[in-house]
Amino acid sequence: MRRRNLEELFFKFLMVLATLIVGGSFFLIVGTIFYKGAPYMTFDMLTKTPGGGFYIGKEGGILNAIIGSMYVAGGATILGLIISIPVAIYLNMYMDGKKFLSNTLRMVFDVLFGIPSIVYGAFGFLIMVYFGLRASLLGGIIAVTLLVIPILVRTLDEVIRTVPLELRDAALSLGSTRWETAKVVLRAIRPGIITAILISFGRAIGDVAAVLFTAGFSDNIPTSLHEPAATLPLAIFFQLGSPIEEVQGRGYASALILTIVVLIITILSELLVKKFYKHKS
Amino acid sequence: MTKDKAHISVQDLNVHIGGNHILKDLNIDIPNKSVTSIIGPSGCGKTTLLKTFNRLHDTAADVKVTGKVLVDGEDIYDPNTEITHIRKKMGLLSQRPYPLPMSIYDNVAYGPRIHGTRKKQDLDIIVEKQLKATALWNEVKDRLHSSATRLSIGQQQRLCLARGLAVGPEIILGDESTSALDPVSTSIIEDLFVKLKQDYSIVLVTHILRQAARVSDYIIFVYDGRIVEYGKTEQVLRNPREELTKEYVKGYIV
């Protein structure tokens, strides 16, 4: 009996310890970034583009990277949605008798989901070279779109599968065509689409490898798709690589900004997921 | 079998789902403007039979249907038959209400809209008429534009009936339509069926014999994918001809 109790105690201790390590690392990471970045967090960081001095600046801020990242992540998410929604609808509502094919396709998307983002970056770079494009906002958006499509398809696929089959039957019974039925289903999953958008945006804004060759970097806010655009992860990368302590500190401040953006997006999507499941009958 | 003109005529129907033979050599004529109940134990193929009437199996994988189902003399499994046209002729009332994710008004107006009614005045008339037909008008007339999911489940089921009627069907298919409802809502729905049979042919799947007795004119008893007995309600419940039917309805006390 005593042995069993000890065993119980021992494994419970291991579980608590592991949970504490994982949970604690969240606060450690955020805490470190905050500790290192907060002294350099100024209003200018959010509202100004880099000024002169020390390569990427000790003056001004990283507005160029904030706006650039928003453009890249926003553009990629919109483009990704335009492609992913039809795929998810087709997969679920038009491939009825073709279980094998639809499951194979799902597996392909899962594989794409797992491909490291540097591969998408390299692929995007090849496409750009082929079309004779230079590193630009457009290039970055294309590479990140490739990255988020599998995420969007997978999320939308899951969400569509939560819609009861009876709702589709109800729409069909009223004489709807498949596309009209699909529109009813899309209406039913509106909160799910918003969740997919936020997940995709959060992933897109934090990725560095996909934009490394494709988006380029610039101190200016891009005014057209063909201009290079700075992104937050790359700004952090460059700033932390600087030998000057002040610029490094600004790198942590940039990391703090990125973390806060991602945190807001994550919390928003969590809240929406909860709301979504509450409204399901 | 019946004096009435057959509205749905099933000829040599066989249905296989995923290699299982669910319905076996069925032949039935379902009469016009009356209520016909399909009864039988769980898993006997009642719902499968109902779904073959409006080809809802089309959306499921691995379903093979052979034989003919004639509606108004038209073979609905003919490849040239337009599926939306067939489904428009039949309103389906499922086990639980599944209102469309839109307002009460839009739920009823949905069918007419997809079939080409666009004018607001016309839609207003249809919505009011069908909500009155399903005894829902007085309960919802002040909140037509609020979400349909806020209604009680009994109200939702009546809304689903109104939604189906708004398309102008000839046939109403009910798949255990009252199984999720409380007794009061159940009796409202049952009364509606009895009232609606003046204008519609109604086919119900039910496992409640008392319900079949209350609302239906004819009863089809299905057992293990075959039709065991088909006749007037009185006769099937009181004087079943077949042993299997006797066994099944003996719990029913008149």
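The questions and answers below take up the sheet, the helices, the chain contacts and the domains in turn.

Q: How do you know what kind of coordinates these are, and which numbering applies?
A: This is a predicted model, in which local features need pLDDT of at least 70 and side-chain atom pairs count only at pLDDT 80 or more, while totals for chains, interfaces and linings use all residues. Residues are numbered from 1 along each chain as its sequence is written, and chains are lettered from A and ligands numbered from 1 in the order in which they are written.

Q: What makes strand S3 and strand S8 of chain B a pair?
A: Strands are DSSP runs of E with at least two residues, helices are runs of H or I with at least four, and both are numbered from the N terminus. Two strands pair if DSSP finds at least two bridges between them; S3 (residues 35-39) and S8 (residues 201-205) of chain B share 4 bridges in the parallel sense, and therefore count as paired. B:Val35, for instance, has B:Ile202 as its bridge partner in S8(B).

Q: Why are S6 and S10 of chain B called edge strands?
A: The open sheet of chain B holds 6 strands in the order S6-S7-S8-S3-S9-S10, with mixed pairing. Strand S6 (90-93) and strand S10 (226-232) each pair on one side only, and they are the edge strands.

Q: How is the direction of helix H6 of chain B related to that of S6(B)?
A: Angles run from 0 to 180 degrees between N-to-C directions, the axes being lines fitted to C-alpha atoms, for helices over the stretch in contact. Helix H6 (residues 153-165) of chain B packs on the sheet, touching S6 and S7, and its direction makes about 170° with that of S6(B).

Q: What makes a residue of chain B part of the side that touches chain A, and how many are there?
A: Two residues are in contact if their C-beta atoms, placed from the backbone, lie within 7 Å; by this criterion 25 residues of chain B are in contact with 21 residues of chain A. Helix H2 (83-88), S6, helix H3 (104-114) and H6 of chain B each give two or more residues to that side.

Q: How do you know where the domains of chain A lie?
A: The bounds come from an automatic or database domain assignment, which divides chain A into domain 1 (2-40) and domain 2 (45-279). Their centres, taken over C-alpha atoms, are 31 Å apart, and 7 residues of domain 1 are in contact with 7 residues of domain 2.
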